[in-house]
Amino acid sequence: SEAMGYYSCAVLVIAIHLCAVIQARGISQSHQQATSQLLPQQQPQVTDRPTLGIIRWDAWNQVYGRYDLVSYCAQIALAPRKYQYRLPFYAQVLSPTNVSFNADTQQIMNQEIAFAQHAGIDYWIFDTYCRYGPNCSTSSPWCQQYASAGGTSPLYCPQNPTYGLNLYLNSGPATHINFTIMLLGSPACDPDMQQQYIVTMQSARYHRVMGDRPLVTCFSSATAKLRRVQVAGRKAVQCLTDSGRK
């Protein structure tokens, strides 16, 4: 069906997101504690090098004990045995055809931070999806447009898309990983989300460049089929710029 075709594309996005790869790579539950003990407490300071940012795809969660439309897609895609090696370190293999995961815990986030620091990552890039209710319900016309049949990402309706960012911000002052945000089309034109972005950028951990300017990334595509994403991305940047000047 069209919906499952879209979900297949979403799974491909998972595969290219480096953060998911760093999380996966065969780190099992049984090795998690041993690996954590091997990580050095402090990394040597290296100057005069490019900073490295990694895109996060935070849809490894459950909401009230159940997967939403997006995390369910990841769960069923990685359930077959031949794909289970791609699972994050916190996932559980229940059978050759079934897996389970829920990254919405502070303990898991703290471990992810330790792995990222050990890998030399300077900042994470958090997606800025809308928050949806059951059946893609939302009161925002911008969020409705994003997930509608003719929108940027049909049926992409996470119910708790900021769980990763919230856990990161609660991780404590010892975190040496900065962060920034990625704009995703029409949601950036929603006034409520714009205010959230502006408040978020005031964090001391927000990654800054070129004379203390907050770094903002924008999701886009060069293919003709997804050219509407580029148009939405340019509009999102303009909306956010206009909001910041007010």
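Predicted model: local features only at pLDDT ≥ 70, side-chain atom pairs only at ≥ 80, totals over all residues.
View 1. Residues are numbered from 1 along each chain as its sequence is written, and side-chain values use heavy atoms, with hydrogens and water left out. Arg-49 pairs up with Asp-122 in a salt bridge, with 2.8 Å between the closest N and O atoms; the term means a side-chain nitrogen of Lys or Arg within 4 Å of a carboxyl oxygen of Asp or Glu. The two ends come from distant parts of the chain, 73 residues apart: Asp-122 sits in the loop between helix H5 (106-119) and S4, and Arg-49 in the loop between helix H3 (29-38) and strand S1 (53-55). Helices (H or I, at least four residues) and strands (E, at least two) are DSSP runs, numbered from the N terminus. Asp-122 is buried, at 16% relative accessible area.

**View 2. Arg-208 and Asp-212.** This salt bridge has its closest N and O atoms 3.9 Å apart. Arg-208 is partly exposed at 30% relative accessible area, whereas Asp-212, at 58%, counts as exposed. Back in the previous view, salt bridges with shared partners tie Arg-56, Asp-58 and Glu-112 into one network. The structure has four salt bridges in total.

**View 3. The disulfide between Cys-130 and Cys-143.** The sulfurs of Cys-130 and Cys-143 are 2.1 Å apart, and a disulfide here is a pair of cysteine sulfur atoms within 2.5 Å. The link bridges distant parts of the chain, 13 residues apart, with Cys-130 in the loop between strand S4 (123-127) and helix H6 (141-147) and Cys-143 in helix H6 itself. The torsion about the S-S bond is about -80°, so this disulfide is left-handed. Cys-130 is buried at 1% relative accessible area, and Cys-143 is buried at 4%.

**View 4. The disulfide between Cys-136 and Cys-157.** In this one the S to S distance is 2.0 Å. The pair brings together distant parts of the chain, 21 residues apart: Cys-136 is in the loop between S4 and H6, and Cys-157 in the loop between H6 and helix H7 (163-169). With 100° about the S-S bond, the Cys-136 to Cys-157 link is right-handed. Both cysteines are buried. The disulfide count comes to two.

View 5. His-207 lies in the loop between helix H8 (191-201) and strand S6 (208-209). Is His-207 buried or exposed? His-207 is buried, with a relative accessible area of 8%. Leaving aside residues up to four places away in sequence, His-207 touches Thr-51, Tyr-123, Asn-178, Phe-179, Arg-213, Pro-214 and Leu-215; contact means heavy atoms within 4.5 Å.

**View 6. Cys-73 and Cys-218.** Cys-73 is buried, at 6% relative accessibility. Cys-218 is partly exposed, with 32% relative accessible area.

Notes
Buried < 20%, exposed > 50% of the residue type's maximum accessible area, 1.4 Å probe, protein only.
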